[in-house]
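This text goes through a protein chain and its ligand. Please look at the sequence and the structure before reading on.

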Amino acid sequence: MTPEHLPSHTALDLATGAMDPERAVSERRLGEMAGLFQADVDPASRELVYRVRTIPAPERANELLCATTVIEPGDVDGEPYMTAGHFHAVRDRAEVYVGFAGDGLVVLADARGRWRCEPLRSASAVYIPGGWAHRTVNTGAERLVFLSTWIADAGHDYEVIRTHGFPIAVMRRGGRAEPVPNPRYRAPDPTA
Ligand code: S6P
Ligand code: ZN
């Protein structure tokens with residue numbers, strides 16, 4: 001029999017993404033992101049790029065997972081700090097992001113190579129349809145904080161993004177962050 005999942009409450013700190021009660025936190029350091037930025041990064045770098053806190057739920061299609069992400073301000077040779085980016089392992093699983101603080105962009109791409117860039121900031125929501133890979137970029141000078149909620153059996157496929165990249169990269173040019181073509185992008189096989 002499926003175990004019962006009971007209601008719960010979590011207080012959210014909109015400025016920091018912290019949760020009460022505190023939840024499992026995962027951290028991504030710059031060195032672990034070598035190969036994702038346009039420029040080389042020191043694989044030994046322990047600099048914090050982002051932190052994710054997730055409210056636990058059974059990873060079933062009838063449940064929702066929910067997490068806060070906090071991306072630090074910073075950049076690698078003009079490319080702002082960002083998340084690794086992923087497709088959902090179950091490709092058709094959708095997701096919603098709600099911005100709490102800071103300024104950012106969500107870069108989205110599908111297996112056909114179509115892409116979009118949607119703004120993410122306080123009081124904005126970005127809808128991520130199934131089949132669209134997503135990466136969040138902190139284009140501001142402060143922390144970017146947002147909430148995400150997604151179908152709990154979605155899982156994460158980081159490998160396609162690590163090996164193929166996104167069609168565009170976000171770069172700072174003349175004081176503003178904008179999408180530019182990614183010369184290293186390789187379109188994934190949509191039939192795979
Ligand atoms: C999960 C959702 C977010 C990201 C988080 C970190 O489906 O999209 O919670 O996991 O923003 O990004 P990434 O690409 O490292 O998972
Ligand atoms: Zn996701």
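Strand 13 contributes three residues to the shell around ligand 1, the largest share. The model is a predicted one. Strand 13 covers residues 144-151, and at least two shell residues each also come from strand 4 (48-55), strand 5 (64-71) and strand 8 (95-101).

The shell can also be read residue by residue. There are 17 residues around ligand 1, and those that come nearest are Tyr50, Thr69, Glu95, Tyr97 and Tyr158. Sorted by class, eight residues of the shell are nonpolar, eight are polar and one is charged.

For tyrosine 158, the distance between a side-chain N or O atom and an oxygen atom of ligand 1 is 2.5 Å. The corresponding distance is 3.1 Å for histidine 88. Histidine 134 has a polar side-chain atom 3.3 Å from an oxygen atom of ligand 1. How much of ligand 1 does the protein bury? On its own, ligand 1 exposes 390 Å², and 97% of that is buried by the protein. The largest pocket is the space that ligand 1 takes up.

The last step is the chain as a whole. The protein chain has 15 strands and one helix. Its C-alpha trace spans about 50 × 40 × 35 Å along the principal axes. The radius of gyration of the protein chain is 16 Å, which agrees with a compact globule, because a globule of 192 residues would have a value near 16 Å.

How values were computed
Residues are numbered from 1 along each chain as its sequence is written. Chains are lettered from A and ligands numbered from 1 in the order in which they are written. This is a predicted model: local features need pLDDT of at least 70, side-chain atom pairs count only at pLDDT 80 or more; totals for chains, interfaces and linings use all residues. Side-chain values use heavy atoms; hydrogens and water are left out. A residue is near a molecule or strand if one of its heavy atoms lies within 4 Å of it. A polar contact is a pair of N or O atoms within 3.5 Å; within protein, one must be able to donate a hydrogen and the other to accept it, and residues adjacent in sequence count only if both atoms are side-chain atoms. Accessible areas come from the Shrake-Rupley method with a 1.4 Å probe; for residues, only the protein chains shown count as cover. On a 1 Å grid over the protein atoms alone, a cavity is a set of points where a 1.4 Å probe fits but cannot get out, and a pocket is an open set with protein on both sides within 12 Å along at least five of seven lines; lining residues have an atom within 4 Å of a point. A molecule sits in a cavity or pocket if more than half of its atoms lie within 2 Å of its grid points. Helices (H or I, at least four residues) and strands (E, at least two) are DSSP runs, numbered from the N terminus. Ala, Val, Leu, Ile, Met, Phe, Trp, Tyr, Cys and Pro count as nonpolar, Asp, Glu, Lys and Arg as charged, and the others, Gly among them, as polar. The radius of gyration is taken over C-alpha atoms; the globule rule is 2.2 Å times the number of residues to the power 0.38.
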